Amino acid sequence: MAPSLTGVGETAFVDSNSHLSIKLESSTFVANEHPILTEVPGNITTEAYDGSSGSTVGCLVGFKGEESRSRHVVSLGKLRGIRFSSIFRFKLWWSTHWSGTNGRDVEYETQMMILENDNEKGRPYVLLLPLLEGSFRASLQPGLHDNVDICMESGSTRVTESTFRSTLYIHVHHDPFTLMDEAMKAMRLHLGTFRLVEEKTPPGIVDKFGWCTWDAFYLKVDPQGVWEGVKGLEEGGCPPGLVLIDDGWQTFCRDDEAVTDEGSLNCSIPGEQMLSRLTKFEENCKFREYRSVRGDRGMGAFVRDMKEEFRALEYVYVWHAFCGYWGGLRPNLAGMPESKVVATKLSPGVEMTMTDLAVVKIVENGVGLVPPQQAHRFYEGLHSHLHSLGIDGIKIDVTHVLEMLSEDYGGRVELAKAYYKALTASVKKHFKGNGVIASMQQCNDFMFLGTETISLGRVGDDFWANDPAGDPNGTYWLQGCHMVHCAYNSLWMGNFIHPDWDMFESDHVCAEFHAASRAISGGPVYVSDSVGNHNFKLLKKLVLPDASILRCQHYALPTRDCLFVDPLHDGKTMLKIWNLNKCSGVLGLFNCQGGGWCPATRRNRNASNFSHSVTSFASPKDIEWNKGKHPICIKGVDVFAVYMFKDDKLRLLKYAEIVEVSLEPFSFELWTVFPVVFLPRTSVQFAPIGLVNMLNSGGSVVSIEFDKHENLARIGVRGHGEMRIFASEKPVSCKIDGEAVEFDYVDSMVRLQVSWPSSSKLSVVEYLF
């Protein structure tokens, strides 16, 4: 029997096992008896949700509208004096972090919000998660007098409704990371429209170093340039395992241009191409006319030649827009699916976001949209051709375009369902189900409907080497902005897709700042360097000779003390992110202060008055050791060995012992943290550190064994360079793969050199005490 709807003051949802509760009584939402939202209107309804196990503590929130409409804005109650952390859309395509303490601080197009706990009072963390219901999609926004409003919209004036049962899910827990994990699992069961990241396998590119052609060539990309780019990286000792051929390979033209086999090659300035439409699935003449030394021609020959010449190159991906190209498909062309140019319409929420060049161009031009019932034919035509060329995967951009086109197609949810169903089937058929990088997709429509098989997606805005608006300081503050986008978005998006922190340029003034974050992000590492413009010294701190990287086991997230603060423009907060390697924790500290979202001007902007040295505190406790698929047991550990990458120092710290860290603007520090253990039957304290020439030093340690009969520690190491361990006593001898080697013992650290193995990708280093 379906649960019944209840009015204000009638229902409590309690989990006696964990002493957690969320209830609605006397016009107030209460978490563990503590008010969180007050003056809740009488038309708000609640419904218990306890998942399949009965242990989840949460409720579904709905409302009864006055009349049937395509868009409702309804108050959930007043929020006052409780700090929150939220994710909102600052552009149509992109989301970021925002924090505040009152309803008036909430941003439009908020995708999720966490309310801070209060340990002294016993108030837990509270998640407010807008959902999809029927043909409608929800988001949060500010209301009058500190009300938090929920906006429920279909995207079509023809699709109306008055009453909703599940516009929002509220969940409570004493741990903010468990809060997100439990809530997403609950909504996975409730909606049944997506799969969690833990249910999917990310594509192999996450473990490879990659090169993207966009910043190198923009639209002028051609086979010779791509070849020279891969060759230069290989000759420099950093061969790419992935090449992503970005925009510029397809056949497209503007409506005022004649359709030819060559397509339009006149676009030279980024942005001009956004007025064009796809005219055929085949590549343009630049790639079609490539001639192999074997005599065969075309993009397929080019892909084969590259993989044969550059042995480390395992994956070739290409870019395409969600609807084919920026302006969709050109209608009425032989050999192409039926399409129609559809005028766009922005929702009131999107009208409040930042002006974006892509949106401006698409609104001006409309989109050549394939009818949803033919979407399968569109993706099959494009992807079967790419598959025949030997293309391994695709980056899908301009993903969240359907919202603007849904008026005549049953609304945004129904149009998205049809397209994602077709896309999912095609990706499963042609790209192993996971050969996709999703981009420009950061909205809950995609998260709830588009992630059945897609397992990798961007979690930040584009990397901008310089400010496209012309602010010279953007060369700096936009880098901190990017980092904050990625770290906080992962708290939400990382439940659906494996986070991709985007490319960067290795010769940029903030390149090391970016490289440090990518090294511990847990996602792919790729650059978009111009041909010949590489910082190989930096790249070799990320990339191994076989094109692999030292990737963390989890995905990077903000530490607990960073969740409800502002690391961009409060002048005092340092961004701290944590992750786990196989045997160690890692903590990244970044000074990102200097610019970000401005509610008054509705755009990201410079805030240079906050860009100065920042001091913070860090501790082994900042790392969430018990999280992820492979938690690290620290039970009984008294001391941790902490290696500080930039300072090149080792410190021994208790679990909750804090260290003061000061950073200049757009600088960083990385901590590699290992539990210190005693060798069996000895008083020798021991902890690996890893290859200190690599940014993710601890990622090089893949196994630790102890031989209690010989007082021997054996470590499996991936990579090459200077290997260090902490040891309270000097070892008697050290061996690598059974051969004795020289070593130094300085400042309680054993130092030795590990060569790149000739026959195995793993070196075994032994320390005898």
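Which residues gather in a patch of negative charge on the surface? I looked this up first, keeping in mind that the model is predicted.

**Entry: negative patch.** I found Glu228, Glu234, Glu235 and Glu309 gathered there. Helix H3, residues 223-235, supplies the largest share of the patch, three residues. I checked Glu234, which sits in helix H3. Glu234 has 32% relative accessibility and counts as partly exposed.

**Entry: salt bridges.** I noted a count of 54 salt bridges and looked at a few pairs.

I took Lys185 and Glu198, whose closest N and O atoms are 3.7 Å apart in a salt bridge. Lys185 lies in helix H1 (residues 176-191) and Glu198 in the loop between H1 and strand E16 (209-212), so this pair ties together parts 13 residues apart in sequence. Lys185 is partly exposed at 37% relative accessibility, and Glu198 is partly exposed at 38%.

I then took Glu414 and Lys417, which form a salt bridge at 3.7 Å, N to O. Both are in helix H9 (residues 412-430); they are separated by about one helical turn because they are three residues apart. I read Glu414 as partly exposed at 30% relative accessibility and Lys417 as partly exposed at 36%.

I also took Arg714 and Glu766, a salt bridge at 2.9 Å, N to O. Arg714 is in strand E41 (residues 712-717) and Glu766 in strand E47 (residues 763-768), so the pair ties together parts 52 residues apart in sequence. Arg714 is partly exposed, with a relative accessible area of 24%, whereas Glu766 counts as buried at 17%, the cut-off for buried being under 20%.

**Entry: network.** I recorded a network of salt bridges linking Arg71, Arg89, Glu109, Arg137, Glu153, Glu403, Arg412 and Asp445.

Conventions:
Residues numbered from 1 in each chain as written. Predicted model: local features only at pLDDT ≥ 70, side-chain atom pairs only at ≥ 80, totals over all residues. Heavy atoms only, no water. Patch = residues over 30% accessible without salt bridge, like charges linked within 9 Å, V, L, I, M, F, W, Y side chains within 5 Å. Areas by Shrake-Rupley, 256 points an atom, 1.4 Å probe, with all protein chains shown as cover. Salt bridge = Lys/Arg side-chain N within 4 Å of Asp/Glu carboxyl O. Lys, Arg positive; Asp, Glu negative; His and termini not counted. Charge placed at Lys NZ, Arg CZ, Asp CG, Glu CD. Helix = DSSP H or I, 4+ residues; strand = E, 2+ residues; numbered from the N terminus. Buried < 20%, exposed > 50% of the residue type's maximum accessible area, 1.4 Å probe, protein only.
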